[in-house]
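Q: I am new to this structure and would like a guided tour. Could we take it one topic at a time?

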Amino acid sequence: MNKGTGAGTGPTAAAAAAAAQKQKTMMQRVETDIANIVDNFTQLVNVARVNDPPVRNSQESFMMEMRAARMVQAADSLLKLVSELKQTAIFSGFASLNDHVEQRTTEFNQQAERTDRMLARIGEEAAASLKELESHYYSSAQRTHDTA
Amino acid sequence: MDGNLEISLDKLPIKRLESIEENGVERYPSDSSYDEKRVSLIRRIDFAWALEDDEERERKKRQKKSSKDASATWQWQSMVENLQLAHQELSVIIDLINTVDANDAVTVAGMTRPKPLLNEVLSDLAVSAATKLQCYRQLGKYFKQSAKALEEQIAREARFYGALIRLQQNWKVKRQRLASAASSSEGFIIDLFDNSLYDSAAMCRPSSLSTIRVDHDSAGMLAINLPPNSCRSLHFGFLGVHSADIPKELGKIRTRGSVEQCTREREKESVSDDEYIKETHTLLREVHQSIFDDQVFEMLNREAFNQSIGVNVTGIRENYLQLSIGQGNTLFISLVPSSKGDDQDAANTQDSESAIVPLDSFDNVKLEEGKHGTSKRKWGFPNRTSCEIYLQQIVHEHAFVKAKDKPNLSGTRVSGQSGKDGPGLLGHFCLSLAHRIFSNRVLVELENVVCRVPYLHLMTHPTWHSQTSSWTIFLKVPQSILHAESQSLKSDFQNMKDAVKSQFRTKVVVNDDRINVEGDGAPNVVSLFKRSSENISSVNKYECDLADLPVIILLQAASQVICWLHEEALMVGIKTNRDFLCLTFELEQGDTVSLVAHVNPEDIKGGITWWLVMEDGSTDDWKLQMDMYDGASEYRKFLGHLTLDVLYSTLMDLVSLCGGGRNH
């Protein structure tokens with residue numbers, strides 16, 4: 001995700017600053033979610049003790065459900081973060097994309113040239129074959145016999 | 001309740017004077033509030049009877065125990081007594097609760113919790129522990145379900161983004177915010193529009209298929225859904241030869257059908273991701289081709305509205321363009337939607353195979369030409385597929401590649417709008433096709449001529465030009481004659497250099513629809529007037545029509561034979577006179593014998609026949625001409641179709657008749 005640390009003015013610097021800010025935001029989200037999961041799990045473990053008043057146990061059961069839901073929500077948030085990172089990788093990997101596009105362009109151009117050469121060679125061979133076949137046909141005994 | 005019923009009487013609710021003060025103010029007791037009244041009533045409830053009953057029971061119990069210790073006690077007696085006590089307590093409590101329900105205020109003076117017993121404590125603890133354990137188990141199930149759902153979501157996203165990344169290697173993938181406010185998620189589209197090759201002069205509307213939305217299917221994999229019949233393909237054909245309604249190449253149709261079929265099978269998840277991505281690439285490629293075909297057709301439509309050489313629009317409607325390319329040939333270019341299913345593809349396969357006339361098969365032409373004159377015009381049409389490819393290639397090369405290479409190029413070159421600059425793309429295409437059809441017919445005529453004359457050889461010269469075709473007809477002297485000459489001339493090297501030509505050439509060049517015939521060995525006009533036998537190396541060049549071509553070729557060949565015979569006679573020292581198709585030998589006493597060639601293009605056995613004409617030296621020419629027209633003259637003898645060997649032998653006989661040359 002690091003887009004470089006170029007300083008200065010211009011769109012590149014602005015893009016770098018935006019990327020840094022986005023990275024920071026994502027890191028904060030990650031930390032928040034991880035902390036959320038850890039805290040809730042800690043609380044779940046802490047309420048494992050069986051208390052005397054049954055009312056407290058009921059209260060704790062509701063709390064446990066709530067904390068479990070929060071853990072799952074934090075995990076889902078992390079998953080969304082991963083999706084965002086994948087999208088960023090897809091749409092921001094300009095260097096690799098450009099390299100790949102150039103490579104493909106080169107391959108296609110070479111393939112086009114090879115095809116053109118092949119077509120030219122096929123044409124030449126067809127012309128040569130046609131010439132040979134015509135000379136053989138018109139010199140053949142069958143043709144002279146047919147026309148005789 | 002047991003015991004006597006006691007009744008307590010309340011005072012009447014009359015306000016009685018309580019006291020009178022010295023000033024005369026009367027004081028009545030204050031009215032008690034409703035709550036105070038209720039409290040007072042509750043306090044009046046006497047529970048002494050219950051306590052007495054309890055004491056009595058205990059007393060009796062002790063008495064019973066003491067009196068009945070020896071006797072056996074009922075095992076459930078204690079439980080019954082406990083239940084009775086509990087019932088009494090419950091009754092009191094129920095009464096209390098009813099009073100509270102009636103909104104009577106109850107003041108609890110004090111309550112002490114009964115000390116729980118050990119078993120009760122443990123049972124409560126056990127229940128709490130079990131409850132908590134159950135809670136944790138439910139949490140465990142919840143976590144497992146959530147984990148499974150998250151894993152599935154991870155797997156789905158991994159497949160989706162993996163496929164998207166692979167698609168991105170070849171296609172332009174963009175993000176698009178969805179319009180619905182409720183959903184804040186992003187959608188993806190694949191942009192197939194190439195905006196780098198359109199300038200202001202040749203601006204085209206982007207196709208509706210230019211942007212394709214990427215969706216998720218039921219399995220989470222990316223899916224590309226296209227509306228049916230949204231893809232169109234270019235369809236080309238010759239009117240009267242090909243049907244305008246036949247869908248395009250079956251290979252492409254089968255590809256699309258197979259893609260759709262595989263898309264349906266995808267629901268069964270039997271196709272691997274790699275294969276699915278390949279199919280998606282194929283589908284996108286077909287859409288890309290469809291967009292290109294749309295662009296090609298639009299460009300052709302725009303050019304059709306501009307007058308240019310070679311373009312003659314005879315019909316136009318939606319997605320259909322009909323052009324006349326001369327000589328009664330008409331072609332059509334249309335956009336047709338892709339077919340719908342494999343069943344229709346199979347049916348269309350048969351229809352298309354029967355409807356499309358076979359290609360450049362000239363063997364059948366020779367068999368048919370004598371029987372069906374109209375079929376002769378049907379044959380010779382170029383391959384429809386090759387024409388489509390050619391059309392796409394020239395549009396791509398001249399409009400797209402050049403536009404990319406030269407971004408500042410004006411629109412005239414790209415679209416060929418002005419007629420002053422020559423034909424545009426469409427005009428060039430029409431002219432090329434017209435030339436191709438015409439040259440095929442020319443070739444048919446040439447082959448018909450060459451097949452009938454044994455000493456003529458046809459050779460094709462590929463020009464690699466779309467509007468030029470070239471052939472050469474060789475008249476070859478047989479090797480047997482050449483060997484005989486070489487043996488007789490082997491001692492004379494100089495003569496060998498001056499030896500007769502072994503072959504004569506007639507070149508036929510077709511430019512668009514103009515036939516140019518160029519052949520050597522024919523006399524020029526000047527020498528004809530001089531009646532001299534000068535060696536003429538001039539070359540005949542002239543244009544002719546298709547109908548006159550066989551005659552011209554035969555005349556050229558016959559004149560070349562005469563020229564050859566003339567040179568052979570000169571070689572052996574015999575003086576001969578050569579006319580256009582006539583070689584005259586002078587005999588003794590002024591008599592002449594002539595070898596005359598007669599050409600007939602309708603002669604199926606051969607186009608050139610030979611006559612031997614003898615002239616008396618005293619006969620005038622005019623009279624000879626009159627005799628020539630007689631029905632049966634003794635001065636003429638029909639020799640028939642002769643090969644070059646026979647002609648050479650005849651020549652030698654005539655030479656010997658003339659008194660021979662130095663070589664006899």
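Predicted model: local features only at pLDDT ≥ 70, side-chain atom pairs only at ≥ 80, totals over all residues.

Q: Fine. Which strands of chain B form a hairpin with Gly220(B) in the turn?
A: Those are E5(B) and E6(B), which form a hairpin with five residues between them. Gly220(B) has a positive phi of about 90°. Strand E5 covers residues 211–216 and strand E6 covers residues 222–224, and three bridges join the two in an antiparallel arrangement.

Q: And what stands opposite Val214(B) there?
A: Val214(B) faces Ile224(B) in E6(B).

Q: Let us step back. How many helices and strands does chain B have?
A: Chain B has 18 helices and 20 strands. Of its 664 residues, 38% count as buried. Among contacts in chain B with a separation of 6 or more, 64% come from residues 24 or more positions apart.

Q: In what order do the strands of the open sheet E16 to E20 in chain B run?
A: The order is E16-E17-E18-E19-E20, with antiparallel pairing. Neighbouring strands of this sheet are turned by 20° against each other on average, direction ignored.

Q: Which strands stand at the edges, and why does one side of each lack a neighbour in the sheet?
A: They are E16 (576–578) and E20 (636–640) of chain B; each has a single partner strand, so one side of each is left without a neighbour in the sheet.

Q: Starting at E16(B), how many bridges join it to E17(B)?
A: Three bridges join E16(B) to E17(B), and the two run antiparallel. Arg578(B) stands opposite Leu583(B) in E17(B). The two strands form a hairpin with three residues between them.

Q: Is E17(B) mostly covered or mostly uncovered?
A: E17(B) is mostly covered, with four of its five residues buried.

Q: What about E17(B) and E18(B), how many bridges there?
A: Five bridges pair E17(B) with E18(B) in the antiparallel sense. Thr584(B) has Ser594(B) in E18(B) as its bridge partner. These strands also form a hairpin, with five residues between them, and Gln589(B) in the turn has a positive phi of about 60°.

Q: And over how many bridges do E18 and E19 of chain B pair?
A: Strand E18 (residues 592–599) and strand E19 (residues 608–615) of chain B pair over eight bridges, again in the antiparallel sense. Thr592(B) has Glu615(B) in E19(B) as its bridge partner.

Q: Which helix lies across E17, E18 and E19 of chain B?
A: That is helix H18 (residues 644–657) of chain B, which runs at about 25° to E17(B).

Q: Staying with helices, what span should H12 of chain B have?
A: Helix H12 (residues 425–452) has 28 residues, and at 1.5 Å a residue these should span 40 Å. The end C-alpha atoms of H12(B) are 41 Å apart, which agrees. H12(B) is mostly covered, as 25 of its 28 residues are buried.

Q: New topic: how many residues of chain A are in contact with chain B?
A: 39 residues of chain A are in contact with 38 residues of chain B. The two chains bury about 3,500 Å² between them, 62% of it on carbon and sulfur atoms. Ile90(A), Phe91(A) and Tyr138(A) supply 19% of the area that chain A buries against chain B, more than any other three residues.

Q: Which side chains meet in a salt bridge there?
A: The count between chain A and chain B is one salt bridge. The side chains of Glu60(A) and Lys132(B) meet in it, at 2.2 Å, N to O.

Terms used:
Residues numbered from 1 in each chain as written. Chains lettered and ligands numbered in written order. Heavy atoms only, no water. Expected span 1.5 Å × (residues − 1). Buried < 20%, exposed > 50% of the residue type's maximum accessible area, 1.4 Å probe, protein only. Pairing = 2+ DSSP bridges. Axes fitted to C-alpha atoms, helices over the stretch in contact; angles between N-to-C directions. Contact = heavy atoms within 4.5 Å. Buried area = accessible area lost by both parts, 1.4 Å probe. Salt bridge = Lys/Arg side-chain N within 4 Å of Asp/Glu carboxyl O.
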